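Student: Hi! Could you show me how to read a few features of a protein model?
Tutor: Gladly, let's look at it together.

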Amino acid sequence: MIDTCHRLLDNSRGIKNLIFLTAYVCLCCISSSSETATVTFVKAGKNDIKEVGVSDTNVVFNWDFNLDDPDALKTITFGFYKSDGTKFFFAIKDKGKDYSIRDKLSASDKNNFIVDINDTSTARLTLKEIFLNQNNRKFSCMVELLNGNSIISNVVLKVYVPPTIIHKSGTFKSLKEGEPLILECKASAEPKALIQWRSTSNKVLPYNNATGELEILSVSRNDSGNYTCTASNLAGNATITIQIQVQ
């Protein structure tokens with residue numbers, strides 16, 4: 001480019017050549033800038049994790065990026081990975097245009113997604129509601145430049161469901177001394193709930209980790225009292241209390 005500029009200066013004859021030279025230099029600068037343009041995400045890894053509760057609403061995925069030459073932008077794309085591992089791009093925004101949603105996106109997802117993309121710094125995806133079938137879904141944002149450079153960032157959605165105790169041994173049991181006691185406590189939760197049994201004195205009691213059952217082989221009157229099972233995970237906890245009477 002420098003050699004060309006020198007030739008134009010040597011051969012310049014009047015204002016027309018000077019105007020042409022100025023335009024040529026500007027064009028070369030723009031072209032050179034676009035060819036070397038780069039883009040990087042701000043505080044984003046290749047596989048980040050976003051933890052939410054199943055009852056959460058308006059969950060936002062933010063992809064902030066640094067683009068050193070706004071004129072170099074080509075497209076910004078949102079996508080997610082299907083259950084078979086293939087990637088599905090559902091929202092595409094070309095520079096200077098509104099984004100478009102692909103027709104193949106399901107009606108439920110289309111109604112649930114809010115897309116907000118800024119050409120120069122931010123791409124935002126909002127999920128109006130969270131459903132359990134979205135657990136472990138990997139969402140992605142890709143920024144492509146005219147020079148072929150591109151970056152992609154993935155965020156794995158972890159949907160947590162608080163425990164619900166689904167198997168229990170009622171709320172009252174009456175036994176005779178010497179009889180065996182088995183108390184059952186199972187919970188439905190995501191991720192799996194931690195079970196803990198406590199006695200009336202708040203002492204932590206051993207139990208069967210596989211079944212959640214508390215077992216006393218031969219009860220005595222000293223075993224009378226309240227037994228509380230607590231199921232807990234990152235989303236919350238649930239408890240049941242069973243009264244035991246030994247005669």
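Tutor: A disulfide is a pair of cysteine sulfur atoms within 2.5 Å. Before we use that, note that this is a predicted model, where local features need pLDDT of at least 70 and side-chain atom pairs count only at pLDDT 80 or more, while totals for chains, interfaces and linings use all residues. Residues are numbered from 1 along each chain as its sequence is written, and side-chain values use heavy atoms, leaving out hydrogens and water.

Student: How many disulfides does a search of the whole structure find?

Tutor: The search finds one. Its partners are cysteine 185 and cysteine 229, with sulfur atoms 2.0 Å apart. The torsion about their S-S bond is about -75°, so this disulfide is left-handed.

Student: Which strands hold cysteine 185 and cysteine 229?

Tutor: Strands (E, at least two residues) are DSSP runs, numbered from the N terminus. Cysteine 185 lies in strand β13 (residues 185-190) and cysteine 229 in strand β17 (residues 225-233). The two cysteines are 44 residues apart, so the pair links distant parts of the chain.

Student: Are cysteine 185 and cysteine 229 buried or exposed?

Tutor: Buried means under 20% relative accessible area, exposed means over 50%, and partly exposed is in between (1.4 Å probe, protein chains only). Cysteine 185 and cysteine 229 are both buried. Cysteine 141 has 0% relative accessibility, so cysteine 141 counts as buried too.

Student: What about sheets? How do strands pair?

Tutor: Strands of a sheet pair through backbone hydrogen bonds, either parallel or antiparallel. Two strands count as paired if DSSP finds at least two bridges between them. Here, four strands form an open sheet in the order β1-β3-β8-β7, with antiparallel pairing.

Student: Which strands stand at the edges?

Tutor: β1 (39-41) and β7 do; each has a single partner strand, so one side of each is left without a neighbour in the sheet.

Student: Can you walk me across the sheet?

Tutor: Of course! β1 and β3 pair over three bridges, and phenylalanine 41 stands opposite phenylalanine 65 in β3. Next, strand β3 (residues 57-67) pairs with strand β8 (residues 122-129) over seven bridges, where valine 59 stands opposite leucine 127 in β8. Finally, strand β7 (residues 113-117) and β8 pair over five bridges, and aspartate 116 has arginine 124 in β8 as its bridge partner.

Student: How many residues are between β7 and β8 in their hairpin?

Tutor: Four residues lie between β7 and β8 in that hairpin.
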